[in-house]
Amino acid sequence: MKRTPDEERVLERMAPGVLSRDGFLGADPRPLNEILATDQAEVDGLGVTHAAIAARLRAVLLAARDAFGRSVPVGEGLSAVYHEAMGRIPSPWPGEGVFPKGEIELADQRSGHTICYTPLSVHLIEAHGFYEGRGSRYRLEPSEICRMLGLGEASA
Amino acid sequence: MIAQTAGAEGTSLGYLMLILLSATFTDNILLTRFLGMCSFLSISQQLKSAVGLGVAVVFVTTITGALNAALYKYAIVPANEHFGVPLGLQFIVFIVVIAGVVQLLEMLIERVSLSLYYALGIFLPLITVNCAILGACLFLVNLGFHRNLLEATMFSFGSGFGWMLAIVAMAGIRSKLKNQYIPLGLQGPGITLIITGIIALAFIGFSGMVQLAK
Amino acid sequence: MITVLAATLLVAGVSAVLAAILLVAERRLVAYGTCTIDINQGARTLEVEGGGTLLASLMANRIFIPSACGGRGTCAYCKVKVLEGAGPLGPTEEPLLSKEEVAANVRISCQCKVRQNVRIEIPEHLFSVKEYRARVETISDLTHDIKLLRIRLLDPDTLEFVAGQYVQLQAPAYGDNPDPVYRAYSMASPPSDSHVIELIIRLVPGGICTTWVFEMLKEGDEVLLNGPYGDFRLSDSQREMIWIAGGSGMAPFWSIIRHMDEKGIARKCTYFFGANKKRDMFLVDEFRAIEKKHDWFTFVPALSDPAAGSDWDGERGLITEVVDRRVEAGGEKEGYLCGSPGLINAAIKIIKAKGVPENCIYYDKFE
């Protein structure tokens with residue numbers, strides 16, 4: 001499928017070794033459009049919006065950030081730690097600015113499950129509905145986050 | 001019904017206009033002949049890229065159409081008559097010319113006008129293999145326009161312009177559809193092809209209005 | 001037979017003519033000749049081969065504009081003011097510049113090609129930035145995820161800098177990374193020893209440069225770096241200072257305090273350094289030694305999450321809480337901050353609340 005020059009540029013920036021060591025697409029063999037479409041469908045099916053998910057993730061991020069590396073409780077049975085780093089990383093979509101590096105670990109004490117995401121992840125979800133490719137360290141499965149955060153129908 | 005004559009009297013302005021009309025609307029290279037679909041399907045999402053690509057296609061089609069018509073008339077046909085070279089050689093020669101012209105055009109545009117280069121220069125590599133351009137060259141040979149270079153140029157321009165109108169129309173429709181509900185299975189290429197089909201159906205209404213057989 | 005010959009000749013002929021036209025066109029159209037770059041109204045003038053990017057042309061002439069991504073148009077650090085000759089704004093530059101920057105003729109120099117004579121303006125201090133070939137003398141562990149690099153400069157063999165400045169270290173292409181990248185690290189060594197610099201580097205998960213430093217860099221390896229950059233340094237005033245840092249933000253303060261110690265700069269200063277657990281704390285003994293030596297310096301390390309039963313005898317709590325407890329009126333003081341964006345924002349809030357005037361608060365923004 002032919003791509004516009006803008007799409008080409010975004011894909012180049014998502015490759016490993018350009019903005020971050022592992023890139024944004026993990027080991028996912030699917031094209032970007034398909035990843036976005038599939039996640040969009042999943043989010044729609046759960047009865048939530050990207051904005052709502054991003055807002056909750058951002059709230060967790062801010063709560064964890066104020067604790068400077070200490071674990072904080074962020075909801076029922078959930079705790080988060082923000083491991084900050086000093087650098088900045090640009091968004092793969094050009095012109096969206098730079099974002100703080102570092103990662104937030106959100107742990108569900110009930111299931112023992114943890115997910116990892118970054119301030120850039122929150123922006124990408126909000127602005128593009130992009131949850132990163134499968135196999136990426138910061139890949140968030142919409143159904144999983146909704147279940148953890150108690151959003152949408154998954155929480156029922 | 002617009003009647004016309006087979007080019008008996010050569011190139012009157014009226015006849016040239018007829019060629020333009022035919023190439024652009026009634027025999028639209030994309031909606032009637034279904035050529036140039038792949039970049040049409042993928043680049044028609046944004047109006048800005050669609051216009052950029054459309055203008056690039058018009059440029060390239062017009063220039064290569066004229067060049068290839070001349071080449072056909074003054075090189076391939078004589079070679080065929082004197083040496084028995086098959087006319088099918090046009091396929092190779094046309095494609096080589098298209099590739100070369102695109103390269104040249106890219107360099108020229110970058111040199112002459114940087115803003116124009118930024119607007120559409122990036123699309124040029126995309127259209128080298130656009131089958132609509134080769135198609136336009138082959139059709140003009142089929143319809144005999146190579147005998148008169150003015151007619152050939154007009155036909156090529158019309159083909160390119162018709163392609164551009166189609167992609168810009170599609171981009172406009174798709175931007176309007178952005179926030180509408182489309183079933184998952186039809187999103188992307190699916191709905192685009194359906195829309196293309198519906199527009200093409202409308203264009204069938206034009207068929208037979210202008211006949212340009214020579 | 002003659003048909004085959006004629007056909008081949010026809011195709012070959014057309015291709016050859018086209019190729020010839022393209023070659024001539026390339027030579028005449030793509031060549032831009034020699035162009036001059038006028039810097040800072042004639043302070044320096046360069047003659048460069050036209051057609052290259054502004055950044056590459058400047059770097060080829062040993063003028064180093066800060067750049068983290070090595071000219072790929074992703075980091076937006078290489079902004080340069082081009083007064084004339086830059087041509088229209090390119091599509092790769094547009095998304096990276098604000099409206100005010102575009103109005104002020106600021107361009108992304110790695111995306112802007114030099115096709116004619118240009119006049120540019122760059123900050124004065126960039127003239128003293130050089131590229132250095134250096135060798136890693138020692139790599140030591142400060143904590144489980146922070147290393148100290150001691151780097152000896154080879155060519156040029158001295159680096160003059162002001163305590164608090166930073167260099168850009170080049171991580172070469174390795175593994176999946178196709179191109180080298182540059183990352184900024186503050187110098188932790190005092191300026192007095194100009195043949196050696198020390199860098200404090202903390203591992204960032206998935207970071208291109210820090211992964212290379214932690215997994216591949218060995219003592220004795222040669223590295224490339226350029227600098228010095230940065231405005232973070234002691235001010236000219238005599239105001240009492242509050243320093244706040246966390247993690248690898250320690251580096252500039254380790255440089256500044258040793259510089260103050262060597263040169264006898266006896267300005268009253270309290271240094272608040274925050275870490276999570278005892279294993280994240282480092283250089284405590286060294287700072288305590290300086291604290292004992294000088295009565296103008298107070299060192300306040302704090303752990304925000306010490307393990308139960310830890311023998312930590314220093315302050316406990318978030319560093320901002322500790323600052324809140326220990327600092328009284330801030331109206332006559334200055335603040336120096338170095339750390340992650342979250343820490344800096346929180347620290348600014350707390351010292352402003354204590355009365356430190358906004359123009360007396362210093363930190364490196366890295367935006």
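Let's start with two helices in chain C. α7(C) passes α8(C) in a right-handed crossing. One caveat before I go on: this is a predicted model.

How are two packed helices described? By the angle between their axes and the distance between the axes. Here are both values for this pair. Helix α7, residues 319-326 of chain C, packs with α8(C) at an angle of about 15 degrees. Their axes are 10 Å apart. Angles under 35 degrees count as roughly parallel, so α7(C) and α8(C) are roughly parallel to each other.

Which residues meet there? From α7(C), we have C:T320, C:V323 and C:D324. Facing them in α8(C) are C:A346, C:A347, C:I350 and C:I351. By class, that contact has five nonpolar residues, one polar and one charged.

Look at the chain C side.

Now over to chain A, and its sheet. Strands of a sheet pair through backbone hydrogen bonds, either parallel or antiparallel. Which is it here? Antiparallel. Four strands of chain A form an open sheet, in the order β1-β2-β3-β4. The edges are β1, residues 72-75, and β4, residues 113-117. Each of those pairs on one side only. Neighbouring strands are turned by 35 degrees against each other on average, with direction ignored.

β1(A) pairs with β2, residues 78-90 of chain A, over three bridges. The sense is antiparallel. Within this pair, A:V72 stands opposite A:A80 in β2(A).

Next, the helices on the sheet. Which strands does α3 of chain A lie across? Helix α3, residues 50-65, lies across β1, β2, β3 and β4 of chain A. Residues 98-108 make up β3. The helix runs at about 90 degrees to β2(A).

Then there is α4 of chain A, residues 119-128. This helix lies across β2, β3 and β4 of chain A. Its angle to β3(A) is about 95 degrees.

Key: Residues are numbered from 1 along each chain as its sequence is written. Chains are lettered from A and ligands numbered from 1 in the order in which they are written. This is a predicted model: local features need pLDDT of at least 70, side-chain atom pairs count only at pLDDT 80 or more; totals for chains, interfaces and linings use all residues. Two strands pair if DSSP finds at least two bridges between them. Axes are lines fitted to C-alpha atoms, for helices over the stretch in contact, and angles run from 0 to 180 degrees between N-to-C directions. Two residues are in contact if their C-beta atoms, placed from the backbone, lie within 7 Å. Angles under 35 degrees count as roughly parallel, over 145 as roughly antiparallel, 65 to 115 as roughly perpendicular and the rest as oblique. A crossing is left-handed if the near helix is turned anticlockwise from the far one by less than a right angle, and right-handed if clockwise. Ala, Val, Leu, Ile, Met, Phe, Trp, Tyr, Cys and Pro count as nonpolar, Asp, Glu, Lys and Arg as charged, and the others, Gly among them, as polar.
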